[in-house]
Amino acid sequence: MNISKIFQLTEEDKAHYLRLIDKINLNKSSEIIQSLNLKLDNLVSSKKLNTIETDLIKNVSVLLSIYQTYPDLTESIKKRIIFAISYFCDSDDDIPDIGYLDDAVVARWIIDSISADLPAVSLA
């Protein structure tokens, strides 16, 4: 399923998220990654995952893998990845009542935004 056909970030959303990305404290990345493990465990333990949730799990896992595999990433890429992970882990959605759709769109947006900077990496 192409989630971008269901829901898209506006330019205003992207500008807002870019301001939040600039404020990311990379010293807290370990804490954020630990919260990701719990969040993923809870999501995966649900009885039935829909396509959006499956895509979200895959995309967040790709982002985590990139973060952990490539220690020489630029600070900008690290901040974008940690932002996407923290956005998923945060229980206060910017857009309530749509489940994980906004989380999936943010994760996909971050993957798309870093893919040009990682030509040797195969992204989802």
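A nonpolar core is a set of buried Ala, Val, Leu, Ile, Met, Phe, Trp, Tyr and Cys residues joined through side-chain atoms within 4.5 Å. The model on screen is predicted, and its largest core of this kind has 39 residues.

**Stop 1: the core.** Select Ile 81 and Ile 110, the two members that touch the most other members of that core. Then colour the elements that each give two or more residues to the core: α1 (11-22), α2 (29-44), α3 (51-69), α4 (75-89) and α5 (101-115).

**Stop 2: around Ile 81.** Keep Ile 81 selected and leave out residues up to four places away in sequence; what remains in contact is Leu 63, Ile 66, Tyr 67, Leu 73, Ile 110 and Ile 114.

**Stop 3: α1 against α4.** For the contact itself, select Tyr 17, Leu 20, Ile 21 and Asp 22 on the α1 side, and Lys 79, Arg 80, Phe 83 and Tyr 87 on the α4 side. Sorted by class, this contact has five nonpolar residues, three charged ones and no polar ones.

**Stop 4: Glu 53.** Move to helix α3 and select Glu 53. Is Glu 53 buried or exposed? Its relative accessible area is 13%; under 20% counts as buried, so Glu 53 is buried. Beyond its neighbours within four places in sequence, Glu 53 is in contact with Leu 43, Lys 48 and Tyr 100. To finish, draw the C-alpha to C-alpha distance from Glu 53 to Tyr 100: 6.5 Å in space, for residues 47 apart in sequence.

Conventions
Residues numbered from 1 in each chain as written. Predicted model: local features only at pLDDT ≥ 70, side-chain atom pairs only at ≥ 80, totals over all residues. Heavy atoms only, no water. Buried < 20%, exposed > 50% of the residue type's maximum accessible area, 1.4 Å probe, protein only. Helix = DSSP H or I, 4+ residues; strand = E, 2+ residues; numbered from the N terminus. Contact = heavy atoms within 4.5 Å. Nonpolar A, V, L, I, M, F, W, Y, C, P; charged D, E, K, R; others polar.
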